[in-house]
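This report looks at how the chains of one model meet, and then at how one of them is divided.

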Amino acid sequence: MSQNRIPAGDLAAKGVYPPTEEMLNEPVPEEVQAGQRERLAKAWKTPQGWRYWTAVNNSEVGVWYTMTAFAFMLMAGVMALLMRLQLWVPENDLISADMFNQLFTMHGSAMMFLFAVPMFEAISILILPAFLGARDMPFPRLSAYGYWCFLIGGVFVIGSILFSAAPKAGWFMYPPLATIELGIGSDIWLLGLSFIEVASIAAAVELIVGALKCRPPGMRVNVMPLYAWYVLVVGGMILFAFPPLIAGDFLFELERSFDWPFFDHTRGGDPMLWQHLFWIFGHPEVYIIFLPSIAIAAMIVPTVARRPILGYSWIVLSAVGTGFLSFGLWVHHMFTTGLPNISLGFFSAASEAVVIPTGIQLFAFVATLIAGRVVMTLPMLWIAGALAIFTAGGLTGVMVAVAPFDWQVHDTYFIVAHLHYTLFGGMVFPVIAGVYYFFPFFRKKMLSERLGRWAFWLIFTGFNITFLPMHLTGLLGMPRRVYTYPEGLGIDWLNQISTVGSFIVAAGFAVFAWDIVRPKKDQPQIARNPWGGGTLEWSHEIPETKWGVRSIPHITSRYPLWDQPKLVDRMDAGRYYLPDAEEGLRETVVTSVIDARPIQVQRVTGPAYITIMAAGFTGGAFIFPTFHIYTPAIICAAFAVVCILYWLWTSTARPPEKDMKDVGLGLSLPTYAAGPQAVGWWAVWITMLGDATAFASLVFGVFFYWTSNSAFPPPGAEHASGYVVALATAAFALSWALTRGARGLNRAGRVAAARAALALAPLLTLSGMGGFILSVLDLDPTSHVYPAMMWALMVWVVAHGIVGTIMQGYCLAGSLLGKLTPRYDADLWNVTLFWHFLGLTALVTGAMIGLVPRLM
Amino acid sequence: MDRDDHDRQPHPREDEHEFGEERESLWRIAFAPTIWAFHFAISYAAVSVYCFKFERMVDMGTLRLGLIAMTVVMLAAIAWIGWRAFRRWDVYDTGEFTNPEGSAEDRHQFLGHAGFLLAVVSFIGVVYDTLPLVILGTCR
Amino acid sequence: MTRDTRARRPLPPGSSRLLLAAPLLLAACDGRQSVLVDGGADARILTDLFVVMLIGAVVLWFGMNGLFYWATRRSPAPHSQRMANWLVILGGIAFPTVTLGALLVYGLTLMPDLRATGDGPVIRVTGEQWWWRVAYEREDGSTVVTANEIRLPAGVRSTFLLDSKEVIHSFWVPSLGGKMDMFPGRVNEMTLGPEVPGVYRGQCAEFCGESHAWMAFEAEVMEPAAFEAWLEAEATPAAPPATPEAGRGAALFLSQGCGACHAVRGTPAVGQVGPDLTHVGSRHSLAAGRLGTSLEDFAKWVANPGAWKPGAEMPAYDHLSDAQIGAIAAYLEGLE
């Protein structure tokens, strides 16, 4: 088979791998190094002046992201202080009931959606590439887009409280309270946070692909840093946890905007469906927050113990195990809703079972410290505080997992205490430990030891003064979310202690925040590896360079800086892979999933305005409907699509100037990949997994109504037209077949036939969409939840059909304009993959609309 | 695609034939917890549907027996997966607990070890989730 | 409704456990809305469960953190890896599996008793924003309607049929047992077996809107005979006003349209929107635990309900003179 007939996507690496010791020992001449450094610096230069904000590099976006999340956290913390002031004495009238309800709703929502989850993503974007010796994340513009979405959505949501227009039905937004709530508060919550959830999923996709495909050559799954394992697990959890909430938001907003009665019991709806969807998200969410923080501890503990982590496999087991088990806990937030005892028992059991992997994690850390020579550093002090607080929260968690006990303490201050112990111990303290530990990595300066100890002791004692008494406050009968309380319950003094404590915590955070922002110009730069860590991030260069790593190393150990003594010198000299940027392009190496064998050079994207514009228009599409203004929303959505298409067209899967590139050490790698070899394909695959989960949640909704409601569908209800549904489904199936066929035809060189298929397919998609719309047109979605559910499924498949049509058109245009050729067909692979999912979605929708209700 | 032309490929080391990457899958370590997930979902769904829809038609005892039988099958499956993974870990022959090397063999054994431990935890999880079926016998 | 009406009772059996569980808990035995006051079997079972778990938790907390302190501060030098390995296996898997399994079995076996079928009165409680509609279902098929107060006979299990008018609430009397949510459109059943006569306080535990904080009630546990007498009295129509002032109040009550929302049985006031006021004067509290039932309390409430309960549906009657409001208060206070 001759070389020129091999599709570019199937080109394989050529040359020597792994590198031999002689090759690695060969010095790189000084003048070559100087040239390489110059070209690299040019390719990775951060834009200057006001163009700085067009940067997409992980080292910039990551810092903005963390600082924004931290700012939101401080705002939500101020809200907590206001609430504590109101609770200082019984029957206080400092803050009105209405404002208090807005405050606790925003405090919870902001801490969860604007701080905890984004903080994980922000920190990961910032440091994951360094752990992996990668130059950047695989999709830098996606990170930037996610960040701008987060900023716009976050400011919108949190800003609403300044206008007293904030949501006020609790962060869990239970209907009917939240559906009947007047004003735009609930809409702000639903649309604003959906917008941010989309950004979260985008970041999760990127992080998963980063951990799977952007590891340095040789970093097999058994030697990758534990942080990367946690990123994989948490990314996977986000993919399965957020979509049910998005599906719930979708139904909820349809009820708020168009009066489709999903949660209205008078028309067959059921508020319990929201509770299920919310907590299927809400409980894994807790572990989504907790696991990355444990991951930070897993990076700090070995450094402190001066030895490799003990029980690497155990920790991987506990991360993966926790990820799974955390999906079997959601009903423990619903123990008092009157479900059958046996059902509660299952969730009680899983809630106890999840303690086991969590315990293993903690014991593995303690065991590492026992087996190591411990040097107590400031980050370790915070980890010690985390352990003390988290074990207390975990143990009260074991208590509330016992359903009968939860019947007592559910929705009391006991739970407030419990959840703050788990979140401070499981998230806040480890994250601050991480800030102290990694600050020298991303700012090349140390934070103050003295201020750090002050902050620690203030926050630690203040925290316990605030929250330890709350256990008793709850047992004495104080429910959550009360803006005040009567005298005589014996809780006055407890509330006063808590309020005092909360201000001590606030003082600690003030010290911590000052330590971060205080000018450090006069402070010396740090030594290169100030803590003596063994993982790759400490190979960073001082003074700072923007290219990530000078050359991408070959890794054979879990702690390469400890075990591979010549590694850093060789990296610095550009001895390893990709030491140069001959074409002036930003590049990183893509490797295989299990063994990290190099398979491709990935050209990553550089600074751009288009991401900011795309985020702005996406924001408009979400924010205008809050005020029930739909025309500008649709215009914004259209512009957002145009921006994203422009961005994809101009910077992804472009045919390269040459097929193979010499990456150093005698290895040549392809510069283009399509299908499963390509990172883009993986991103589509992972995104669609999340999308399918959201769709599955809607289907679950249909069956949920069927079980919970004795009349679903109501007797004598009108059904969708079976024939029309069948035809619509067939049209989608055919469109899928044409897309799949076009991929084969194109690759075989039959470009005209492929174009014909790609031209015909959108027409079929459109007629399929029309068919689905037509089939439910006679049903009145406001009359009962059954027709409303059928309409919701229709809306879902039609919305996806629009995307599918655009994708087919995109490939057709690509083929006509030379972006998509038989050799360079990554776009068509990705679109076909999308269509596999869409075809399946249409098939299931057809069955759910046309067939299943007739059998129920 | 024809890939037998080794000149175009990086040279794999000898041991990589036995422990070749293409023989591995990250999914494998997730098999046991996936069984736990199915066991959990089926138990929960069956009891919910039964209690809301069919409580008056069928006896709860039949359902419990059916679910406990399913539990036994699933526990056996997890045990088998655990045994397979234990063999891959190969700790008796190698005496190696930690598998810290960047070699294909260590990676192979590591995945066995992680799979084995996950099977243990999944086994415990399934046993826990069966306790309500054994102890509680009504829809109340 | 005040502290002095709270039951004085002998220490329950097994109260020596309180000695184990730190002085903090003693404070908890003093509250009238306290989980740790055992007004009945359910609360006692749950207190026992809590004490067992608390002791276990304290021991484990000190064990784990003590180990950590020892490893990092007392003896930071390296120890044997073998010992560390065993620590993970025993501490991480073996011990928790056994302990948690035992706790799970303990918890599960408690559940049937706590949801046992009732053998006492059947009480329908409907949550409203922000008060409780209460109806006792009698064996002859009649119902006795009241509001914002529950009275229960000691020694039998009462059954509660819980639902809600509009949003989700949760019915909870901590000293008598656990809580149960109240949903619109479905009826949740729970039972409670109070044993110790006394007045306990209950409160809505599920966030239900602006005045969620002020949705409470008094639950009085009575000797069975006293309970029967109370229920009998509660079933009778309202007594006519006893004083001239109360008579003026009764007339104002009707002329101001109060009867459009409130029922006072035996009078033309038959409204069903707000709480039934037939015997409001004999209750422990007014407006769902918000105020007492003194003359001043009634007057304060009628003049401006929103001041006491933000968002309450009842309008303010501040256009009435103090004397007029006083008359209405006298009328209501006299409805015993």
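## Contact between chains A and C

The contact takes 73 residues from chain C and 70 residues from chain A, where two residues are in contact if their C-beta atoms, placed from the backbone, lie within 7 Å. On the side of chain C that touches chain A, at least two residues each come from helix 2 (22-28), helix 3 (41-74), helix 4 (81-114) and strand 7 (180-182) of chain C, and helix 4 of chain C gives the largest share, 19 residues. Helices (H or I, at least four residues) and strands (E, at least two) are DSSP runs, numbered from the N terminus.

By class, this side of chain C has 43 nonpolar, 21 polar and nine charged residues; Ala, Val, Leu, Ile, Met, Phe, Trp, Tyr, Cys and Pro count as nonpolar, Asp, Glu, Lys and Arg as charged, and the others, Gly among them, as polar.

## Basis of the model

This is a predicted model, in which local features need pLDDT of at least 70 and side-chain atom pairs count only at pLDDT 80 or more, while totals for chains, interfaces and linings use all residues. Residues are numbered from 1 along each chain as its sequence is written, and chains are lettered from A and ligands numbered from 1 in the order in which they are written.

## Domains of chain C

Chain C is divided into domain 1 (1-77 + 115-235) and domain 2 (244-333), with bounds that come from an automatic or database domain assignment. In chain C, 21 residues of domain 1 are in contact with 15 residues of domain 2. On the domain 1 side, strand 10 of chain C gives the most, with four residues, and the residues of that side divide into 11 nonpolar, four polar and six charged.
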